[in-house]
Amino acid sequence: MTQSLSDLSDQILQAAKRAGADAADAIAVDGTSISITVRDGALEQAERSEGIDIGLRVFVGNRQSCVSSSDTKPETLIQMAERAVAMAKEAPEDSHAGLADPSQLTTNTATETLELYDSSDEPDPAALQQDATRAEAAALRNPGVSQVQSASAGYGRRRIHLAATNGFSAGYARSDRGLSCVAISGTGNGMERDYDYDSRVFQADLRDAEEIGRIAAERAVERAGAKRPRTGAYPVLFDERVASTLIGSLLQASNGSMIARGSSWLRDAIGQQVLPKGLSIIEDPHRVRVTGSKLFDAEGLATAQRAIVDDGILTGWTLDLATGRKLGMPSTANAARGTGSPPSPSLTNVALTMGEKSRDDLILDMGTGLLVTSMIGSTINPNTGDYSRGAAGFWVENGEIAYPVNECTVAGNLREMLMTIVPANDGRTHLSRVVPSLLVEGLTLAGA
């Protein structure tokens with residue numbers, strides 16, 4: 001299949017040249033996905049999708065355009081190329097757009113070393129249904145669970161090939177298996193919901209279905225009887241399940257596209273301290289069996305490990321070629337793209353330095369405050385970093401969990417919040433974004 005995607009990419013690039021393009025690049029994607037959902041022990045929904053998509057970007061001078069299609073017949077590819085060239089001729093000039101110089105392209109394209117694809121047979125839908133049914137049954141064995149909202153199992157695989165007229169041509173394959181369960185405790189206005197899930201590249205690494213159902217049920221039951229917490233300024237502990245969103249706000253603000261637009265609260269922060277001393281955020285695109293890994297980016301540049309934050313100091317932006325040119329900086333090999341759009345900067349795998357204490361230790365240290373286990377909504381001022389989100393979790397008194405809470409808001413300023421974080425040691429290392437639970441001092445809670 002990889003060879004056919006390679007041929008498809010070559011065909012549309014040749015068509016683009018014949019249509020008058022000065023340069024072009026293409027992405028071809030072949031994918032299959034299966035999703036099974038059960039409810040009350042019976043199949044509720046089954047979905048399967050598969051197909052091939054092709055995307056083409058062409059350049060006419062400093063003008064560019066993108067087109068895409070799921071029809072890969074030869075005559076369609078020719079029409080796509082002609083349409084793309086016609087569109088590019090009408091597009092505004094962009095002096096920063098363009099392909100990588102051939103000297104910038106990587107020669108290391110053996111992505112199979114990263115183990116991103118499980119070559120075992122596609123799972124039978126009946127096996128996926130059985131996994132989801134086992135998770136639901138495990139959750140329902142908890143007497144505090146009133147119902148299971150859903151239990152789902154899924155499988156997906158994609159083969160991707162990138163090619164360009166600068167000589168780059170390489171492809172790779174990815175697969176994933178997932179399992180989730182959402183349990184509900186209580187009834188009527190007293191219902192509380194929680195979940196557990198797992199997602200892996202290889203089926204052999206996926207957690208057991210009964211464990212996922214059991215943990216979803218326990219979490220839902222623990223939230224029974226939730227009430228609004230008191231209003232005031234308190235320490236807040238972001239559970240590992242939601243802590244990555246806090247670091248994600250920093251990563252988004254350091255994305256080159258935000259900096260180029262001038263709409264980032266970190267726009268002047270290179271070389272400044274943005275996290276406590278001793279903490280770093282490391283991007284590592286070469287982690288084995290992790291979904292975000294890649295040897296090369298969408299523009300053919302070699303990826304490499306880098307410190308986004310080093311010992312608390314912000315070192316630079318996340319860049320693709322065009323964004324780097326706008327800012328007068330080299331690309332960090334972070335280009336990502338779909339079939340219908342040009343590349344843009346995007347991160348692969350990141351990890352925050354973990355601490356030495358457990359989450360329970362941080363609960364003890366915080367004394368009185370809020371443990372956040374789920375969040376809804378988000379209001380973040382991109383220019384100032386002012387932050388406000390709906391939250392639910394548990395109230396902590398004297399270092400011990402006292403009762404569940406919901407319907408509250410946590411607010412602060414991200415620049416100030418991130419300078420106070422204390423990480424736990426519970427980050428899940430198989431995830432693409434490894435962030436442990438984070439204790440943050442002095443946030444404002446709006447509750448009862």
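The legends below describe close-up views of a predicted model.

The model is predicted, and local features need pLDDT of at least 70, while side-chain atom pairs count only at pLDDT 80 or more and totals for chains, interfaces and linings use all residues. Residues are numbered from 1 along each chain as its sequence is written, and side-chain values use heavy atoms, with hydrogens and water left out.

**Figure 1. An open sheet of five strands has mixed pairing.**
The strands stand in the order S10-S9-S8-S13-S18. Strand S10 (313-314) and strand S18 (433-434) are the edge strands, each pairing on one side only. Strands here are DSSP runs of E with at least two residues, helices are runs of H or I with at least four, and both are numbered from the N terminus. Two strands pair if DSSP finds at least two bridges between them. Within the sheet, strand S8 (residues 281-283) and strand S9 (residues 306-310) run antiparallel and are joined by three bridges. Ile-282 has Ala-307 in S9 as its bridge partner. In a regular strand the side chains alternate between the two faces of the sheet.

**Figure 2. Strand S19 (residues 438-446) is joined to strand S7 (residues 232-238) by six bridges.**
S7 and S19 run antiparallel, and Phe-238 stands opposite Leu-438 in S19. S16 also pairs with S19 in the antiparallel sense, over three bridges. Val-410 is opposite Leu-445 of S19. Strand S17 (residues 422-423) runs antiparallel to S19 and is joined to it by two bridges. In S19, Leu-438 is the bridge partner of Pro-423.

**Figure 3. Asp-196 lies in strand S6 (residues 192-200).**
The relative accessible area of Asp-196 is 4%, so this residue is buried. Buried means under 20% relative accessible area, exposed means over 50%, and partly exposed lies in between, with a 1.4 Å probe and protein chains only. The side chain of Asp-196 makes a polar contact of 2.5 Å with the side chain of Arg-207. A polar contact is a pair of N or O atoms within 3.5 Å; within protein, one must be able to donate a hydrogen and the other to accept it, and residues adjacent in sequence count only if both atoms are side-chain atoms. Not counting residues up to four places away in sequence, Asp-196 touches several residues, among them Leu-179, Cys-181, Ile-212 and Arg-219. Contact means heavy atoms within 4.5 Å.

**Figure 4. Ala-100 is placed in the loop between helix H2 (74-90) and helix H3 (125-140).**
Ala-100 counts as buried because its relative accessibility is 6%. Leaving aside residues up to four places away in sequence, Ala-100 touches Leu-105, Asn-166, Glu-299, Leu-301 and Leu-321. The C-alpha atoms of Ala-100 and Pro-330 are separated by 11 Å, although these residues are 230 residues apart along the chain.

**Figure 5. The largest pocket holds about 590 Å³ of space.**
Of its 27 lining residues, Glu-192, Arg-193, Arg-223, Ser-374 and Ala-392 are the closest to its centre. On a 1 Å grid over the protein atoms alone, a pocket is an open set of points with protein on both sides within 12 Å along at least five of seven lines, a cavity is a set of points where a 1.4 Å probe fits but cannot get out, and lining residues have an atom within 4 Å of a point. Grid points are joined across faces, edges and corners, and a volume is the space filled by probe spheres set on the points. Strands that each supply at least two residues of this lining include S6, strand S14 (369-380) and strand S15 (386-397). The lining divides into eleven nonpolar, nine polar and seven charged residues. Ala, Val, Leu, Ile, Met, Phe, Trp, Tyr, Cys and Pro count as nonpolar, Asp, Glu, Lys and Arg as charged, and the others, Gly among them, as polar.

**Figure 6. The second largest pocket has a volume of about 480 Å³.**
Its lining has 28 residues, and Arg-158, Ile-160, Tyr-172, Arg-174 and Arg-337 lie nearest its centre. S4 gives the most to this lining, with five residues.

**Figure 7. The largest cavity has a volume of about 100 Å³.**
Among its 14 lining residues, Asp-25, Ala-163, Ala-164, Ala-298 and Glu-299 are the closest to the centre. S4 gives the most to the lining of this cavity, with three residues.
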